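Subject: Structure for your review

Dear colleague,

Please find the structure below, handed over for your study. I would be grateful if you kept it open while reading the notes that come after it.

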Amino acid sequence: MAIQNSISPQAMRQIILSQSKRANVGHIGSCLCVVEIIAALYASVLRAASPDDPQRDRFILSKGHAGLALYAALSLKGWLPPEQLDTFCGDDTLLGVHPESALAGIDFTTGSLGQGICLAVGAALAARLQGSKRRVFCLISDAECNEGSLWEAVMFAAQHRLSNLHVVVDLNGQQALALTRDVIDQSNLVERWRAFGWRVLEVDGHSVPEIVQALAETEGQAPNLVIARTVFGKGVDYMEKGIPVSQTHLAVNPINWHYLPMSDKEYEIAIEQLEQRA
Amino acid sequence: MRKAFITSLCELAAVDDRIVLMTGDLGYMALEPFRERFPKRFFNMGVAEQNMIGVATGLAEAGFLPYAYSIGTFASLRPFEFIRNGPVHHKLPVRIVGMGMGFEYGHSGPSHYSLEDIGVMRTLPGLSIVIPADSAQTTTAVKRTWNLAGPVYYSLGKDDKLSVAGLDGQFELGKVQLIREGRDIAIVAMGSIAQEAAAAAGDLARHSVAAAVIVVSNFHPDPDEHLAGILSRFRNVITVEAHTLSGGLAAFVGSVIATNGIECKLLPLGVRTPPDGTSGNQQERWRKHGLDRASIVRCVQSVHEFSLPTTSS
C-alpha cells in the first residue's frame, strides 16, 4: 500500500512543537511518542476516502491527551485547514487538547481513559453486523490499562472474535505522576492480553514500516493488540531524559514533559534537534 | 411495564432492523421474546455496564439503534460517565433502559433501589428521560420515542398489571398528563407511585376534597410550560416520588413554580433519609418513607387545617 510521504513523522513533530509553543501548553512528550503510530495509520493503514465516508475505517485516539499528534496528521492529510489548526487551544475552538468528534476527521470524542476501547468494540461489532470489511483502530496508553472498563471491552472483543479490531498500546512506561512500573506495573502486558484471548504483536513504536506491517495482519478470529514500544518525548533529547532545561527549580524527572510547556529557549533547542536528527 | 416494553420493542424491531437489544446479563423472564425472535440482534454483554454503553455508542455511530438494558441503578449510575461522554456528547440514539423504579426491587435491598437515577440523568441536557407510570403508558411512550435522533433514558417498572386510573395510555413529550381534575389541591406524581396519588385522590373525594392528579412522565424537553399552566390555579401542590428529593420531581416542580412566579406552596414527598440498612417490600418502603396513599392524604389534611383560618376569614 502506498505511503503518503506528506504525513511524515518529521513534519508531524514540527507541527506538534510549533503548536504547543504557540499555545503554550504541555502534553508534548505524549504527542511526540505516538507520532510514528499515527503517521503509519494516516499515511498508509486507514482506508478512508473522506472524513465522513460511512465505510471508512474508524480510528479512536483513546489516549486523547495526544490530540495534537492527531491534528498534525489530519493537517498534513489535508483534512484540517492550516487556519483551523492555528486555533489549537484557543477560545471557542474545536481543537482542544483532547479530540472532538464535531471536527471533521475525528470519529469519536475522547479524553476520559478506559472509554475509547469500548467505543472501538462497538464500532467493530457494527462492521461485523453490517457485513462490512471496514476495520477499527484504537490507540490506548499503557497506563490506560489501569482502567477496569478497558478489560470489560477486552473480554467482550475476544468472546465475539472481533478480528477486525486493532488496538495499539503506546508502551512508553510513563503515567501522569510516575513511571508505570512504580504505579501499576504493565511489564507483562503481552501475557495479560494473550491470556484474555487476543493476538499480540510487539513492534518498535518508532518504526513506521513495523507498525504498518503489524496492523496489516490478522490471524484467525482473535482481536489484535500491537504493543508499540515507544520513548516518551521522542525526538527531543531533553524531553526523553526528563530535563527541565529552563525550569531549574525542577529536578530531572522522566515525567517532566507530560505537563510542561516549552520556554523560548527549550523550543529553540527542540527545533534544532529535530532538524539535526532528520 | 416489562412486558409492555418488550412487546413494543419486538413490534418496532420487526419493522426497523437498526434495533439491537443489549443486556448487562439481566432480564430473566422478560427479554426472551426478543431474543427468540431476533437472536442475531440480541447481545448479552455480560455483567459490564460501562462497556455496554460504550459498545452501544459505537454501534449507534454506525447507524444502529441500540437498547441497553439493566436494573435502573446499574444502567444509569454505574456507567454515568460513559453515558455523558458517549451518546449524550455524540448526540447518538442510544436507548438506556433501567428496570425497577424506586423501591420495586424491595427485598433485594438498597443496592437495587433506583432512588437517584432521574435526578442524575436530568443533569445531562440532550438526554430525553421517559418515566412511564403504568403498562399502557409504557407502550405509548416506547412507540413515541423510538425514533428520536438523540439518546433516551427509560425508567421502567416491573409490574405488568399496573394501570393508573385516568392515564389511559396517554403520553406526549414535553407534556404532563392531568389524569384527575380537582380544584382544592394538586398532587403531582412520577412513575409507578402515581397509583398511590390516584388512590389518595379517591380517598380525599370521600372527604369532599377535590384533588387534581398530574403525572410527570418525561423530561428533556421538560413539560414545564404545560405544568405551569395547570399549577397556576392552586395554592398547594404535593409532589410524590419514590426518589430522593434532589434533582427529581420535587426539584423540577419547585423550579417550575419559582420560575413562573406561581404563588403556591410545594409539599414534597420523597426519600429524605440516608440508607439505614433496612429493606422490605415496595408497599412497606412507601409507608416507611411517607409516600403511600395514607401519607398523601395526611399531607393534604395538614395543609387544609393550615389553610382553614385564612380561607374562612
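The notes below go through the sheet, the domains, the contact between the chains and a few single residues. Please bear in mind that this is a predicted model.

I begin with the sheet of chain B. It is an open sheet of seven strands with mixed pairing, and the order of the strands is β2-β1-β3-β4-β6-β5-β10. Strands β2 (42-44) and β10 (218-219) of chain B stand at the edges; each has a single partner strand, so one side of each is left without a neighbour in the sheet. At the β2 end, strand β1 (residues 19-23) of chain B runs parallel to β2(B), and three bridges join the two. In one of these pairings, B:Met22 has B:Phe43 of β2(B) as its bridge partner.

Two helices of chain B pack on this sheet. Helix α1 (residues 2-15) touches β1, β3 (65-71), β4 (95-99) and β6 (152-156) of chain B, and its direction makes about 145 degrees with that of β1(B). Helix α3 (residues 49-61) of chain B touches β1 and β3 of chain B, and its direction makes about 170 degrees with that of β3(B).

Chain B is divided into domain 1 (2-156) and domain 2 (177-312). Their C-alpha centres lie 27 Å apart. Where the domains meet, 27 residues of domain 1 of chain B are in contact with 25 residues of domain 2 of chain B. On the domain 1 side, α6 (117-121), β5 (128-130) and α7 (135-145) of chain B each supply at least two residues. That side of domain 1 divides into 14 nonpolar, nine polar and four charged residues.

The two chains also touch one another.

Another pair of strands in chain B deserves a look. Strands β11 (residues 236-244) and β12 (residues 265-271) of chain B pair in the parallel sense over six bridges, with B:Thr244 opposite B:Val271 in β12(B). Together with helix α10 (residues 249-259) of chain B, these strands make a right-handed β-α-β unit.

Finally, I turn to backbone details. Most residues other than glycine have a negative phi, and most peptide bonds are trans. Against that background, a cis peptide bond joins B:His220 and B:Pro221, with omega about 5 degrees. B:Pro221 lies in the loop between β10 and α9 of chain B.

A:Asn24 has a positive phi, near 60 degrees, and is found in the loop between α1 (9-23) and α2 (28-33) of chain A. Is A:Asn24 buried or exposed? A:Asn24 counts as exposed because it has 10 C-beta neighbours inside 10 Å, and the limit for exposed is 12 or fewer. B:Asp25, in the loop between β1 and α2 (32-37) of chain B, also has a positive phi, of about 60 degrees, although it is not a glycine. With 15 C-beta neighbours inside 10 Å, B:Asp25 counts as partly exposed.

Yours sincerely,
A colleague

Definitions and conventions: Residues numbered from 1 in each chain as written. Chains lettered and ligands numbered in written order. Predicted model: local features only at pLDDT ≥ 70, side-chain atom pairs only at ≥ 80, totals over all residues. Pairing = 2+ DSSP bridges. Helix = DSSP H or I, 4+ residues; strand = E, 2+ residues; numbered from the N terminus. Contact = placed C-beta atoms within 7 Å. Axes fitted to C-alpha atoms, helices over the stretch in contact; angles between N-to-C directions. Domains from an automatic or database assignment. Nonpolar A, V, L, I, M, F, W, Y, C, P; charged D, E, K, R; others polar. Right-handed = clockwise from strand over helix to strand, strands pointing away. Buried ≥ 20, exposed ≤ 12 C-beta atoms within 10 Å, placed from the backbone.
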